[in-house]
Amino acid sequence: MTVLKSPPATNHTVEHLPMQLLIIEDDSVMGKALNQGLTEAGHHCRWIKDGKEALTQLQDATYDVVLLDIMLPGATGIELLKQVRAAGNKTPVILVTALGSVEERVAGLNAGADDYLVKPFALAELSARIEAVCRRTNNRPPTTMHVADITLDLSTRRVRRGEQDIELTPMEFSLLELLMRYAGQVVTRKMLCEHLWEYDWEGTTNVIEVHINRLRNKLDKIVKQPLIQTVRGRGYALRTS
């Protein structure tokens, strides 16, 4: 069984801007380790176990980096990568695999991968490679997000609607950030719960409604024009205008 190697202990931390990461990994142990480790590092992760769903995600949402396993059931990661590149998607892709021969590395890079990392590896090395890939491809996530008249600054955690500041709790800030990343699209309650608490949420989603209502009240107190819409039976969507 392949697992991530623990990084050496340090007495300091390095803060990076949060990124939107798509993890495509069918192995439950590795998938959970990647998802949990990168989430704790401050990134926003979506973990998918099969290539078909991954293609749909890459069509419907924008990611800063994709972590792609080669040994997937059905179509291999290499085949999936070729489809992604053929469709014109230039999102940086790091192949994460146990296959480490020179021929396999060359095949992965020739298929369109931006980097190639052989298991097992330290989470610190993966984080550094994610940063490096973003630098090389100029795909650094923006420090500031804008949707309609809302501005959210990821570095200072400051939120404004129009010209007025809005004080949000950490939970409300995270909710708004996810809604803004998927602006104009439906964000399900399950997605919100997984984003806030668990990588594989199985509990009630009623608590989300409480936080959404508090966020709505703060946003709409500034401008009497509701932006967060409830999509009955599905979730919520942030209007883009």
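In the predicted model, Arg-157 is partly exposed, its relative accessible area being 45%. This arginine is placed in the loop that runs between S7 and S8, and its phi lies near 60°, which is a positive value in a residue other than glycine. A second residue with this feature is Ala-148, a non-glycine residue whose phi is positive, near 55°. Ala-148 belongs to the loop between strand S6 (144–147) and strand S7 (150–153) and, with a relative accessibility of 41%, counts as partly exposed. As background to these backbone values, most residues other than glycine have a negative phi, and most peptide bonds are trans. A cis peptide bond is found between Lys-119 and Pro-120, with omega at about -10°; Pro-120 itself lies in the loop that links S5 and helix H5 (123–137).

Strand S8, which spans residues 158–161, includes Arg-160. Arg-160 has a relative accessibility of 19% and therefore counts as buried, the limit for that class being under 20%. Two polar interactions of the arginine side chain can be described: the side chain of Arg-160 reaches the backbone oxygen of Glu-163 at 2.5 Å, and a polar contact of 2.8 Å is formed between the side chains of Arg-160 and Asp-165.

The protein as a whole comprises eight helices and 12 strands. Five of the strands form an open sheet with parallel pairing, in which the order is S2-S1-S3-S4-S5. From one strand to the next, the twist averages 20°. Within the sheet, strand S3 (residues 65–68) is paired with strand S4 (residues 93–97) in the parallel sense, over three bridges, and Val-66 has Val-93 of S4 as its bridge partner.

Two helices that pack on the sheet may be described in turn. Helix H1 (residues 28–40) touches strand S1 (20–24), S2 and S3, and the direction of H1 makes about 170° with that of S2. Helix H4 (residues 102–110) touches S4 and S5, and its direction makes about 145° with that of S5.

With regard to cysteines, the structure contains zero disulfides. Cys-45 is partly exposed, with a relative accessible area of 22%, whereas Cys-134 is buried, its relative accessible area being 0%.

At the level of the whole chain, 44% of the 241 residues count as buried. The accessible surface of the protein amounts to about 12600 Å², and 50% of this surface belongs to carbon and sulfur atoms. Among the contacts in the protein with a separation of 6 or more, residues 24 or more positions apart account for 58%.

How values were computed. Residues numbered from 1 in each chain as written. Predicted model: local features only at pLDDT ≥ 70, side-chain atom pairs only at ≥ 80, totals over all residues. Heavy atoms only, no water. Pairing = 2+ DSSP bridges. Helix = DSSP H or I, 4+ residues; strand = E, 2+ residues; numbered from the N terminus. Axes fitted to C-alpha atoms, helices over the stretch in contact; angles between N-to-C directions. Contact = heavy atoms within 4.5 Å. Disulfide = S-S within 2.5 Å. Buried < 20%, exposed > 50% of the residue type's maximum accessible area, 1.4 Å probe, protein only. Areas by Shrake-Rupley, 256 points an atom, 1.4 Å probe, with all protein chains shown as cover. Polar contact = N/O pair within 3.5 Å; in protein donor to acceptor, adjacent residues only side chain to side chain.
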